[in-house]
Structures are given as structure tokens and as C-alpha cells.
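Here is a short briefing on one protein model. Please look it over, then read the points below.

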Amino acid sequence: MGLDDIEGLEVEEIARKIESMEIRGAAEIARAGAYALKKIGEDFENEDMTDLLEELETCKVRLLSTRPTAVSLENGLRYVMHGVRKADDIEQLKEMISDNYSDFIDNSIRAKSKIAEYGGRRISDDDMVLTHCNSSMALAAIKYAWNNGKNISVIATESRPKKQGYITVEELSKEGIPVTLIVDSAVRAKIKKVDKVYVGADTIASNGAVINKIGTSQVALCADEARVPLTVCAETYKFSRKSTFGELVPIEERDPSEIVDPKKFPGVNISNPVFDATPSEYIDSIITEKGVISPEGAYRIIEEMIR
Ligand code: RI2
């Protein structure tokens, strides 16, 4: 579900759709969150600036409660709110929110096409690429390689429990890209045939660790053992400034019923963490819109964001 599908929706409806993962993917939830703030500005009818700022803050808190792991959401909201407290009057405040929103969306779209280009160039003819979950950024790079005449094929993991791998295989086969679906536990059995692993990110910490869909770190271990390079495709708004100051990235724990009906196993604890952290030593490179960096370069990206 993209921006076109949420046009006109109220903040609470958007928040619920992010929570239920009808709107999903770290880039898409950031865009949807930014849209929700813009909508507040557009719909606000009284003339009191303080009231509008308060409403924006309340909306921000609600949106941030939906998916705690992806820092893209927080950074998107921060972008829309940038400088708005300095507005002279309500009209200027509304204009700033709307302009910041448009800037964020434009940057996000431009970032995707840069990542596609930089990431796509690094995929060679005849490469077999393995991807985990459904990352719009990783898939943009894979499609770029294919559309530029590289004869590639893809292995896509199912990505339990929500099975976003199904979206991946549908998306790639629609493009004509040869794609094979595997269960998550088949990665090690297949990795020797694979030339490159391409994944996305929900958050990148200042130490270069990448937080992405649960299972990414296992894929990374298998890739490392088989000497297959792992590439992460992520816009710079997925880098976490808070991690520089020691804050750990919270890992979202979702409802056990996404795995199995808990009533089938009375007395059994079912745990459903949906992200994990891949340490920097397992990552070959991170493709951002600013260029290809090593995971050790994460701190520099964050430093530029803070300045
Ligand atoms: P893009 C997704 O989260 C996956 O973890 C995916 O790898 C990541 O966001 C990045 O996706 P979820 O919403 O931003 O499916 O590259 O939990 O599209």
C-alpha cells in the first residue's frame, strides 16, 4: 500500500494500517507517517499555532508507537517538523509542513533511483542474487541490473511469519526476472550457488550494524561462511542518530498469532520478534543515495545528519 492508496485517510486510520502492516516496508511507513502530519496541517481549521503544534506532536507520538524498530518513520516525521516552531504565523507554519513533506517525498523517490543505479551496477551478468523479505530498495537495485541487460536470477526467502517473500517473488516474476522461492531454513543449503546477497534495512546503527527483517542475521552468517558478499540497500534516513548516543534499537515483538494460533499450544510461550541485528563484520557494503559505503562509514553519515 503506497501513498496513492492512503490519500485522504485520517491519522488514526494511517496509524492502524501501519500497525497491521497493510502499509509496510521501512521506506513506505516513513512516507505514510510524513503524509499523516501533512494532512493534519491541511485539515487544521482554527488560527491557534500552539494548538496545531500540539496536535502535530500528539500525532507524532501515535505514529511512533506503531512500529518501534524502523527509524525511517521517526526520521520522516522529524523531517516534516523541521524548523516549524520558528514559523511567524499559522499560514507560514502550514506552508512549512507542506513544503517539508514534499521535500521528504521527493528526496525519498530520488534516493530510491540512486540506490537502484549504484546497487544495480554492482550486480554482474549471470549473478544469482539472494534476497530476504521484501525490500523496495534491494529490489530496485535487482530490477536495475535486469533492465540494463544483465542476465540474473534471484532466490527469495519466504520470510516467516508474514511471508513478505511472496510479494518479492510476485514483483520479480512480473518483471520477467527468473526467481526461486525457498523457505528461510533453506538458505544455507542454497548459498553456495549464490553470488551476492541483497537486503534492505529498517535501521542502521552508528557502529554499522543493520537491523532488518528477522532472519537477516542468519542469512548473513551463511553468506559469510560461504564467502558471499552481503549488500544492504538503504536511504540515509534509515540511519539512527540516537544510536550514536548509546540508545539501543528496540526490536518489535509482534502478536504470536502471526506464527500460529496460540490456542493450539496451551501453556506454550510463543515469541515473535520481527527484526534482528546483523553486526557490521558480516556486511560488505551499504548502498545509499550518497554512494556506496562500508558499514564502518555509518558514523560519518549520521554525523552529517546531525550537523
Ligand atoms: P524498504 C521491511 O520491514 C523489511 O524488513 C525490509 O527489509 C525493510 O522493511 C526495508 O524495506 P516490514 O515492514 O524500505 O516488512 O527497502 O516489517 O522497502
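The mean positions of the 40 positive and 53 negative charges of the protein lie 7 Å apart. The model is a predicted one. The protein has twelve helices and ten strands.

**Overall form**

- Along the principal axes, the C-alpha atoms fill a box of roughly 65 × 50 × 40 Å.
- Buried residues make up 52% of the 307.
- The accessible surface comes to about 14300 Å². Carbon and sulfur atoms account for 48% of that surface.
- Take the contacts between residues at least 6 apart in sequence: 76% of them join residues at least 24 apart.

**Strand pairing around strand 6**

- Strand 6 (residues 210-213) pairs with strand 5 (residues 203-204) in the antiparallel sense, over two bridges.
- Ile-204 has Val-210 of strand 6 as its bridge partner.
- Five residues sit between the strands in the hairpin of strand 5 and strand 6. In this hairpin, Gly-208 takes a positive phi near 90°.
- Strand 6 also pairs with strand 8 (residues 275-278). This pairing is antiparallel too, and it runs over four bridges.
- Asn-212 has Asp-276 of strand 8 as its bridge partner.

**Backbone exceptions**

- Most residues other than glycine have a negative phi, and most peptide bonds are trans. The next points list exceptions.
- Cys-133 is not a glycine, yet its phi is positive, at about 65°. Cys-133 is in the loop between strand 1 (128-131) and helix 7 (136-147).
- Is Cys-133 buried or exposed? Cys-133 counts as buried because its relative accessibility is 6%, and the cut-off for buried is under 20%.
- Arg-227, also a residue other than glycine, has a positive phi near 60°. The loop that holds Arg-227 runs between helix 10 (216-225) and strand 7 (230-233).
- Arg-227 has a relative accessible area of 71%, so Arg-227 is exposed; exposed means over 50%.
- A cis peptide bond joins Arg-160 and Pro-161, with omega about 5°.
- Pro-161 is in the loop between strand 2 (153-157) and helix 8 (165-174).

How values were computed
Residues numbered from 1 in each chain as written. Predicted model: local features only at pLDDT ≥ 70, side-chain atom pairs only at ≥ 80, totals over all residues. Heavy atoms only, no water. Buried < 20%, exposed > 50% of the residue type's maximum accessible area, 1.4 Å probe, protein only. Contact = heavy atoms within 4.5 Å. Areas by Shrake-Rupley, 256 points an atom, 1.4 Å probe, with all protein chains shown as cover. Lys, Arg positive; Asp, Glu negative; His and termini not counted. Charge placed at Lys NZ, Arg CZ, Asp CG, Glu CD. Pairing = 2+ DSSP bridges.
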